[in-house]
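Trainee: I have a structure open and want to learn how to read it. Can we go through it feature by feature?

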Amino acid sequence: MTSIKEQAAISRLLSFLQDWDNAGKVARSHILNTFIETNQGKTAPELEQEFSQGASLFLVRLTTWLRLIYMTGSCLDKLLKSIGIFLSAVSSNRYLIEFLEVGGVLTLLEILGLEKIKEEDKKESIRLLQVIANSGRKYKELICESYGVRSIAEFLAKSKSEETQEEVQILLDSLVHGNPKYQNQVYKGLIALLPCASPKAQQLSLQTLRTAQSIVGTTHPSIVDCVLKVLRTMHLEVQYEAIELIKDLVNYDVCQALLKGLVALLIPSVKETSKLQPKILNDSAVLQLTANLPVFLQQAAAAKAIGVLARSNTSIAEEMLHLRVVHSLMAAMGNTDHSNSQRQASLTLEYFVQMFPVVEEHVRRSMGEELYELFLSNAEDLYMKIDSIQADILAANKVNVSKALSISGVSYSNMSFYLGPCGEDQLAYTTNFQKEGSEGKE
């Protein structure tokens, strides 16, 4: 037989549930407020004690009401927070299963796609999905099987709140860890986010992609084109994350395609540069428009990325020499329509000149002594000192270091290895031989 104390507790529970069942929206809102205030942070055993071993009876009422009203958004924030108290409680596996059995995951994902729902309510939905995903591999798989990656990625792209977007990133990061069955799906979803219009979504996607790439191991063919297009951004924080991802990607099988793509961006096609020409001619704010021309922003970012890669790995620097990076950098230095392109290309070229004697010889000969001395004195500020004729010389240069390298068939790092530290004179002689051979071919 139950004790008088237990009977009183059961009576209170039944009275509470009856009050809930008979209450309208306003009364239920007050009940939820009281529940949140008194039960935040409680463990599952503590909740059971609070509800006389009948906590699940209240949870099922919450989930039922959620399914009835989630499309209207009424009291949704309090309702989701109340459900969150059950799902996030220590030893709450029983509550989690009960929530999932009535389609809880699908309801949370649907909330993300509804336009009428407030951003704050959607953030609560994301937090519940985080709790579910962090409960184990089978729950991550359930979210992915419910087309969760697509819904979550679309919400990240459309969200106007940076705080909410950061919560979404945490969820995507959770889904890519410990989820071998669907980690590729998350990886592809992150790549699909890169062209989106939200700079914050791009930044967070790039950050998470670095983690996902190391977990997945293999690269998707579309990643090169997508990450290079991100370089058109005018947001430096996005550009930084894109370059950090590029630094990682050169260690995978897309390295060659990535390097070719970066070098190609240094000389924009006529088609790209002529797109806005009619607008420029009809607009008095010429400087403002050209300063933000995406293709020139991309050119400057590519020059910067090439410099970062070359300084971090001599082998990559040598590979880019074969792709005629010196010619392309000099052409970018002649782009008087975008000073940052000139500056970044000049700084990167300075490294190649200092690193490779053959580059120094070709650049000196192409620039002429006067321009070359200006370049050596201050590469970063060169764009402010050159005139239109010197800019044309740079833009129309015919430097072809790759031809000189192909004659020798040996890379400079290999030469240094064979000649040793005392072989500098011989290396200089070989460089001169390459230069003369190149001139002879021309």
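Mentor: Start with helix 23. The model is predicted, so keep that in mind throughout. The cover over the buried residues of helix 23 includes helix 20 (294-312), helix 21 (314-322), helix 22 (325-333), helix 24 (357-367) and helix 25 (369-377).

Trainee: Which residues of helix 23 are buried?

Mentor: Ser341, Gln342, Gln344, Ala345, Ser346, Thr348, Leu349, Tyr351, Phe352 and Val353. An α-helix has 3.6 residues a turn, so residues three or four places apart point the same way.

Trainee: How many residues does helix 23 have, and what should they span?

Mentor: Helix 23 covers residues 339-355, which is 17 residues. At 1.5 Å a residue they should span 24 Å. The end C-alpha atoms are 25 Å apart, which agrees.

Trainee: Let me try another helix. What packs against the buried residues of helix 15?

Mentor: Helix 13, helix 14 (223-230), helix 16 (255-265) and helix 20. The buried residues of helix 15 include Val238, Ala242, Ile243, Leu245, Ile246 and Leu249. Gln239, Glu241 and Glu244 are buried in helix 15 too. Check the length as before. Helix 15 (residues 236-249) has 14 residues and reaches 20 Å from first C-alpha to last, close to the 20 Å expected.

Trainee: And helix 8: how many of its residues are buried?

Mentor: 11 of 15, so helix 8 is largely enclosed by the rest of the structure. The ends of helix 8 are 21 Å apart, C-alpha to C-alpha, which agrees with the 21 Å its 15 residues should span.

Trainee: How do I describe two helices that pack together?

Mentor: Two packed helices are described by the angle between their axes and the distance between the axes. Take helix 1 (residues 4-22) and helix 4 (residues 55-69). Their axes come within 11 Å and cross at roughly 10°. That makes helix 1 roughly parallel to helix 4.

Trainee: Which residues make that contact?

Mentor: Helix 1 gives Leu13, Phe16, Leu17, Trp20 and Asp21. Helix 4 gives Leu57, Phe58, Arg61, Leu62 and Trp65. By class, the contact of helix 1 with helix 4 has 8 nonpolar, no polar and 2 charged residues.

Trainee: Now single residues. Is serine 205 buried or exposed?

Mentor: Serine 205 has 1% relative accessibility, so it counts as buried. Serine 205 sits in helix 13 (residues 199-216). Beyond its neighbours within four places in sequence, serine 205 is in contact with Leu156, Leu190, Leu193 and Leu194.

Trainee: And where is lysine 116?

Mentor: In the loop between helix 7 (104-113) and helix 8 (119-133). Lysine 116 counts as exposed, at 74% relative accessibility. Now look across the sequence. Methionine 71 is 45 residues away from lysine 116 along the chain, yet their C-alpha atoms are separated by 7.8 Å.

Trainee: What should I look for in backbone angles?

Mentor: Most residues other than glycine have a negative phi, and most peptide bonds are trans. Look for exceptions. Serine 52 has a positive phi of about 55°. It lies in the loop between helix 3 (44-50) and helix 4. Tyrosine 147 has a positive phi of about 60°. Its place is the loop between helix 9 (137-145) and helix 10 (148-158).

Trainee: Are these two residues buried or exposed?

Mentor: Serine 52 is partly exposed, with a relative accessible area of 23%. Tyrosine 147 counts as exposed, at 65% relative accessibility.

Trainee: Step back now. How many helices and strands does the protein chain have?

Mentor: There are 29 helices and 0 strands. Of the 442 residues in the protein chain, 49% are buried. Among contacts between residues at least 6 apart in sequence, 71% join residues at least 24 apart.

Trainee: Where does pLDDT stay under 50?

Mentor: Over residues 410-442. There the model has 38 contacts beyond four places in sequence. The protein chain averages a pLDDT of 88, and 87% of the residues score at least 70.

Conventions. Residues are numbered from 1 along each chain as its sequence is written. This is a predicted model: local features need pLDDT of at least 70, side-chain atom pairs count only at pLDDT 80 or more; totals for chains, interfaces and linings use all residues. Side-chain values use heavy atoms; hydrogens and water are left out. pLDDT is the predictor's confidence in each residue, from 0 to 100. Contact means heavy atoms within 4.5 Å. Axes are lines fitted to C-alpha atoms, for helices over the stretch in contact, and angles run from 0 to 180 degrees between N-to-C directions. Helices (H or I, at least four residues) and strands (E, at least two) are DSSP runs, numbered from the N terminus. Angles under 35 degrees count as roughly parallel, over 145 as roughly antiparallel, 65 to 115 as roughly perpendicular and the rest as oblique. Ala, Val, Leu, Ile, Met, Phe, Trp, Tyr, Cys and Pro count as nonpolar, Asp, Glu, Lys and Arg as charged, and the others, Gly among them, as polar. The expected span of a helix is 1.5 Å times one less than its number of residues. Buried means under 20% relative accessible area, exposed over 50%, partly exposed in between (1.4 Å probe, protein chains only).
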